[in-house]
Amino acid sequence: MEVTSEKVFYEREVKEQARRLDVDILLWGEELYDKKIVIYPKKITAINGYEKIKNHLVDAALVYFDFKKEKYTKLSIIRYDETKKVLYLSEENFNGIWRYLRSSVELGIRIQKRRQNEIGITTPDDIVDLSFLHRTGSEAVIKNGQLTYIAKEIPQSEKEHLSRKQSLLDNAKYLYFYDEDDTIYHDKDCDRVKEILPERFVASENRPEGKRPCKKCRRRMFLRKACSPYVKQIPQVDRLLTKAGITDYQLEKFVYEEELKFKTDQAWELTVKGKEDTWIIKGFQTMELSLWHNNYVKTAPRERYITQGFHNQGMDGKRLYSMLTYISAYTFERHLAGEEKAALIKSEEVQKEETKKQEVKKQREGFFACMIGFFKKIFGK
């Protein structure tokens with residue numbers, strides 16, 4: 001029996017404590033000598049290559065001890081890749097756990113050396129992988145048993161990559177940003193854009209083919225295109241669209257397929273630019289919406305010019321989705337075609353009514369002619 005083993009001493013109480021957790025795997029510090037701890041910033045889903053590893057990850061309980069406290073046994077739920085023996089631990093939680101876990105890993109190294117087993121590490125810090133931690137001008141290191149950042153000399157080539165990345169972000173014509181090795185593209189304000197390495201950073205005016213929008217920032221991405229160049233109005237426009245129930249899917253359709261543009265010139269009003277005309281949707285404060293169409297003057301049967309002011313389009317009470325669908329389909333030619341069709345239908349109805357009147361008149365004349373003939377036969381001339 002290895003009297004120095006924490007697992008031998010505390011396994012029973014650790015398992016008892018773990019019964020309250022929904023995990024099947026317990027990871028002891030003294031057994032991590034042949035494993036890796038990968039530190040990731042913020043969310044694990046944001047690390048490069050997450051899509052390739054996510055199906056191998058399971059929940060596991062990491063065991064460590066704080067013997068200065070009465071309840072010294074600690075269990076922390078982490079993500080674990082059992083096939084590759086890799087533990088994933090957030091940067092936020094690492095220092096708080098490592099200050100206690102490190103001694104357990106060191107114990108495991110001593111146990112293996114006592115057993116004369118060859119292992120690939122000499123210190124506990126050797127199992128920590130910091131490759132996902134990137135900050136401009138500084139480098140992540142383990143110093144005095146804690147994760148910290150130290151200033152580093154930036155090579156000229158890296159400075160050029162950083163300058164190029166910032167230049168692309170500052171250029172208003174670019175709307176989509178991504179890692180050349182990733183399948184996801186982002187809005188410029190997405191937190192994940194900051195994590196893309198400058199040398200792999202790509203910007204595009206158009207949505208990149210073969211990639212899909214980031215679920216976290218896609219709505220803002222759609223709004224940036226729809227509100228451009230009035231991008232400072234994105235929050236106000238989004239508030240109106242969200243209040244009226246416009247989903248990400250619907251917004252994407254109106255922006256990219258129908259090419260609608262949005263802005264807000266008055267509180268609780270949404271100005272929409274369609275294919276040819278400008279519209280104002282009022283009433284968001286009470287959600288009693290009304291649609292207003294720009295005024296115009298016809299200069300010829302099929303020509304017009306836009307004038308000042310707006311008129312009510314007669315769609316009061318409709319949902320915003322219905323109004324935006326109507327705006328998407330509207331063109332002056334289609335409007336004229338609708339008027340001509342309505343005029344034709346009215347003309348046909350008038351013609352039918354006139355024909356009906358003539359038939360009634362003939363029937364009456366025929367009836368009176370028959371009556372006159374009848375009376376002549378009875379009374380003579």
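Colleague: What makes strand E3 (residues 57-65) and strand E4 (residues 73-81) count as a pair?

Modeller: This is a predicted model, mind you. E3 and E4 are joined over nine bridges, in the antiparallel sense. Pairing needs at least two bridges, so E3 and E4 qualify. If you want a spot to look at, Asp59 stands opposite Arg79 in E4.

Colleague: And what sheet are they in, and in which order do its strands run?

Modeller: An open one of six strands, ordered E1-E3-E4-E5-E2-E6, with mixed pairing.

Colleague: Why do you say E1 and E6 stand at the edges?

Modeller: Strand E1 (26-28) and strand E6 (128-129) each have a single partner strand, so one side of each has no neighbour in the sheet.

Colleague: Which strands does helix H1 lie across?

Modeller: H1 (residues 6-18) lies across E1, E3 and E4, and runs at about 150° to E1. Helix H3 (residues 91-114) packs on the sheet too, touching E2, E3, E4, E5 and E6, with its direction at about 55° to that of E3.

Colleague: What makes you call H6 mostly covered?

Modeller: Seven of its ten residues are buried, and buried means under 20% relative accessible area. Those residues are Arg219, Met221, Phe222, Leu223, Arg224, Ala226 and Cys227. They pack against several elements, including H7 and helix H8 (248-257).

Colleague: Where is Pro229 found?

Modeller: In the loop between H6 and H7.

Colleague: How do you know whether Lys42 is buried or exposed?

Modeller: Its relative accessibility is 56%. Exposed means over 50%, so Lys42 counts as exposed. Lys42 sits in the loop between E2 and helix H2 (50-53), and has a positive phi of about 60° although it's not a glycine.

Colleague: And what is the label for Met287?

Modeller: Met287 has a relative accessible area of 33%. That falls between the 20% and 50% cut-offs, so Met287 is partly exposed. Phi of Met287 is near 60°, again positive in a residue other than glycine.

Notes: Residues numbered from 1 in each chain as written. Predicted model: local features only at pLDDT ≥ 70, side-chain atom pairs only at ≥ 80, totals over all residues. Heavy atoms only, no water. Helix = DSSP H or I, 4+ residues; strand = E, 2+ residues; numbered from the N terminus. Contact = heavy atoms within 4.5 Å. Axes fitted to C-alpha atoms, helices over the stretch in contact; angles between N-to-C directions. Buried < 20%, exposed > 50% of the residue type's maximum accessible area, 1.4 Å probe, protein only.
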